[in-house]
Amino acid sequence: MYKTIHSRRYKALLKTLVEVRRGQGVTQVDLAKRLRERQSWISKCERGVRRLDVVELEIWCEALGLPLNEFLKLYAVASVPERR
């Protein structure tokens with residue numbers, strides 16, 4: 001299996017994480033407080049420096065008031081390649 005951290009799909013995941021947070025008007029600092037983490041941890045996750053596992057992703061979504069399955073629907077749309 002190839003490394004996914006630089007894949008189009010992983011970039012779509014990160015983009016979706018950021019868009020959901022910003023769309024709710026939540027800053028990295030706000031989210032960090034909700035998760036009892038540091039702002040730098042949020043930044044590292046959003047930039048792909050630190051990977052989230054599925055349990056962490058679910059907790060992240062809960063902190064934003066978004067069920068995991070709803071987040072995954074948004075991700076699915078973002079990860080579809082553009083057709084020319």
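A salt bridge here is a side-chain nitrogen of Lys or Arg within 4 Å of a carboxyl oxygen of Asp or Glu. Keep that cut-off handy for the exercises below, and remember that this is a predicted model.

**Exercise 1. Work out how many salt bridges the whole structure has, then check the pair lysine 15 and glutamate 19.**

Solution. 
- Start with the search: across the whole structure, four salt bridges turn up.
- Now take lysine 15 and glutamate 19, whose closest N and O atoms are 3.8 Å apart. The cut-off is 4 Å, so the pair makes it onto the list.
- Next, look at where they sit. Both belong to helix α1, and because they are four residues apart, about one helical turn separates them.

**Exercise 2. Find out which helices the salt bridge between arginine 21 and glutamate 46 ties together.**

Solution. 
- First the distance: the two side chains meet at 2.6 Å, N to O.
- Then the location: arginine 21 is in helix α1 and glutamate 46 is in helix α3, so the bridge links parts that lie 25 residues apart in sequence.
- Buried or exposed? Arginine 21 and glutamate 46 are both buried.

**Exercise 3. Describe how α3 packs against α1 and α2.**

Solution. 
- Take α1 and α3 to begin with. Their axes come within 8 Å and cross at roughly 135°, which means α1 is oblique to α3.
- Who touches whom? Leu14, Val18 and Arg21 of α1 meet Cys45, Glu46 and Arg47 of α3. By type, that contact splits into three nonpolar, no polar and three charged residues.
- On to α2 and α3: again the axes come within 8 Å, this time crossing at roughly 110°. That makes α2 roughly perpendicular to α3.
- Here α2 brings Gln28, Val29, Leu31, Ala32 and Leu35, while α3 brings Gln39, Trp41, Ile42, Ser43 and Glu46. The tally for α2 with α3 is six nonpolar, three polar and one charged.
- Now list the buried residues of α3: Trp41, Ile42, Ser43, Cys45 and Glu46. They pack against α1, α2 and α4.
- One last stop: just after α3, glycine 48 takes a positive phi of about 85°.

**Exercise 4. Trace the largest nonpolar core and say which residues have the most contacts inside it.**

Solution. 
- Count first: the largest nonpolar core holds 23 residues, and Leu31, Trp60 and Phe71 have the most contacts inside it.
- Then sort by element. Two or more residues come from each of α1 (8–23), α2 (28–35), α3 (39–47), α4 (54–63) and α5 (68–79). The top contributor is α1, with six residues.
- Zoom in on tryptophan 60. Leaving out residues up to four places away in sequence, tryptophan 60 touches Leu17, Leu31, Leu35, Trp41, Ile42, Cys45, Glu46 and Leu52.
- As background, nonpolar side chains tend to be buried together in soluble globular proteins.

Technical notes
Residues are numbered from 1 along each chain as its sequence is written. This is a predicted model: local features need pLDDT of at least 70, side-chain atom pairs count only at pLDDT 80 or more; totals for chains, interfaces and linings use all residues. Side-chain values use heavy atoms; hydrogens and water are left out. A nonpolar core is a set of buried Ala, Val, Leu, Ile, Met, Phe, Trp, Tyr and Cys residues joined through side-chain atoms within 4.5 Å. Buried means under 20% relative accessible area, exposed over 50%, partly exposed in between (1.4 Å probe, protein chains only). Contact means heavy atoms within 4.5 Å. Axes are lines fitted to C-alpha atoms, for helices over the stretch in contact, and angles run from 0 to 180 degrees between N-to-C directions. Angles under 35 degrees count as roughly parallel, over 145 as roughly antiparallel, 65 to 115 as roughly perpendicular and the rest as oblique. Ala, Val, Leu, Ile, Met, Phe, Trp, Tyr, Cys and Pro count as nonpolar, Asp, Glu, Lys and Arg as charged, and the others, Gly among them, as polar.
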